[in-house]
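The following exercises concern the reading of a protein model from its coordinates.

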Amino acid sequence: MSAFPARLAARPTPALGPAPTASRHPAASRTPAARHRGATTAPGRRAPGTTAAALLIAAAASGISGPSLALPTAAHALRVPTASAAWLMTAYGLGLLAGTPLLSGTAGRRGPAALVRAGAALVALGAAIVLASPSALLPLAAGRAVEAAGAAGLTVAAFRIAGRDRTGRSTGLVAIGNAAGGTLGLFVGAGAAQLLGWRAALVMPLLALAVLPAVLRPAGPAGRAAQALQAGEAGEAGSPRPRLREALPLGLLRRPGFRRPALLMLALATVNFALVYGAPRRVTALTGWGPLPTGAAVASAALAGALLSWQLVRLAPALGTGRVRVLLAAGSTAAAAAAAFAPWPPVVLLGSALSALVTARGQGVLTGSAVGGLAPERQGGAIGLFNLAFPAGVAAGPALAGFADQTVQFLY
């Protein structure tokens, strides 16, 4: 149930030499990593700002699942069916889908600090629209989409900050924050709705603003260094269009080796986020629990599944790519069936955990499969295009689950 794939971030910034501002920080001169604010971090050390980046991305990710348990209350206030209120979740996925390439191709060219500022501004604007709008679905969904576009920028910025550490430890910590925010958002959103009203569950990404100072301090100098590096590499940094075309090489969709894993990733993400919408309602229907205990149970199950996905790393090389794909597809199908049809709450929770597991593991396995065989200079754009399957699933999952809820009634 993680909010976004780790590999969406730009490749790690190579060492760039001492930052011009290093002399203003005497304490920073004690270690090579501190002296090179814009450089790759020293072996064994996390990139500066990694902990703050993990908190930032957790807040951004909470916006995906935060409204799930507040949807019945929101639907009642809006005088629409709960399935129609699911558009408040779908709109977030659409905002992620649009915001990721847009902010990466514009503000992203100026480094992580510019991405953080642009993302925070959009999050604040989207939240203001949500809080100030009348009780009508359309403006609320629009506000959620603007919020999500900002959250997409914060997500990419967090991974870029962590990407200075080439060992992968910093990126791993940020990925854990990503998964934790996306799953615990169910519980935190339910609590916020009970304490502050249902609109509070729609503006969970506002929590990211609390860690902006801690993120901007390490992001600022590196952002300027990254801008200079990208300008030197591209030779055309003043023109946004080539950068956007590089980020989204649509011609790859004609390549079966890319298209098949991308479609499987889309299916896994769609099922996963359909269960973000449907599994809590199913558990409530079977147990009669309120939003808080339901949110705690479903979030705990999904988080456990996401963390257990790391165990598949050891098995994947021995099984081979083809068998892993079959296991991912079978696991996702079994998760959907268990969550939709099982008459026992523990089995529904098991389905939610299994879906989180295969989705989290599928991101790494399928990304590698999709870009395998491509020239190194094409892999960055291929990863960017591939990872758009994830926010597409965020958008499609709740919409499809809401449609099924309204027509087939398989969630109750």
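**Exercise 1.** Which residues does leucine 56 touch, not counting residues up to four places away in sequence?

*Solution.* The model under study is a predicted one. Step 1: with those neighbours set aside, leucine 56 touches Val116, Leu154, Ala208, Val211, Leu212 and Val215. Step 2: Leu56 is also among the residues with the most contacts inside the largest nonpolar core, together with Leu88, Leu96, Phe258 and Met265. That core has 79 residues. Step 3: H7 gives the most to this core, contributing 12 residues. Step 4: a second, separate core has 14 residues, including Leu275, Ala299, Ala339 and Ala353. As background, nonpolar side chains in soluble globular proteins tend to be buried together.

**Exercise 2.** Determine how helices H5 and H7 pack, and classify their angle.

*Solution.* Two packed helices are described by the angle between their axes and the distance between the axes. Step 1: H5 spans residues 87-105 and H7 spans residues 137-162. Their axes lie 6 Å apart, at an angle of about 45°. Step 2: angles under 35 degrees count as roughly parallel, and 65 to 115 as roughly perpendicular. H5 is therefore oblique to H7. Step 3: the crossing of the two helices, H5 and H7, is right-handed. Step 4: sorted by class, the contact of H5 with H7 has 16 nonpolar, 6 polar and 3 charged residues.

**Exercise 3.** Describe the surroundings of leucine 137.

*Solution.* Step 1: leucine 137 is located in helix H7. Step 2: apart from neighbours within four places in sequence, leucine 137 is in contact with Leu78, Ser84, Ala85 and Leu88. Step 3: for serine 84, which is 53 residues away from leucine 137 along the chain, the separation of the C-alpha atoms is 8.5 Å.

**Exercise 4.** Is arginine 79 buried or exposed?

*Solution.* Step 1: arginine 79 sits in the loop between helix H3 (71-78) and helix H4 (82-85). Step 2: its relative accessible area is 78%. Since exposed means over 50%, arginine 79 is exposed. Step 3: the backbone of arginine 79 has a positive phi of about 60°, although this residue is not a glycine.

**Exercise 5.** How many helices and strands does the secondary structure of the protein chain come to?

*Solution.* Step 1: the count is 17 helices and 0 strands. Step 2: the protein chain has 412 residues, of which 54% count as buried. Step 3: among contacts in the protein chain with a separation of 6 or more, 82% join residues 24 or more positions apart.

Note on methods:
Residues numbered from 1 in each chain as written. Predicted model: local features only at pLDDT ≥ 70, side-chain atom pairs only at ≥ 80, totals over all residues. Heavy atoms only, no water. Axes fitted to C-alpha atoms, helices over the stretch in contact; angles between N-to-C directions. Helix = DSSP H or I, 4+ residues; strand = E, 2+ residues; numbered from the N terminus. Parallel < 35°, antiparallel > 145°, perpendicular 65-115°, else oblique. Left-handed = near helix turned anticlockwise from the far one by under 90°. Nonpolar A, V, L, I, M, F, W, Y, C, P; charged D, E, K, R; others polar. Core = buried A, V, L, I, M, F, W, Y, C linked by side-chain atoms within 4.5 Å. Buried < 20%, exposed > 50% of the residue type's maximum accessible area, 1.4 Å probe, protein only. Contact = heavy atoms within 4.5 Å.
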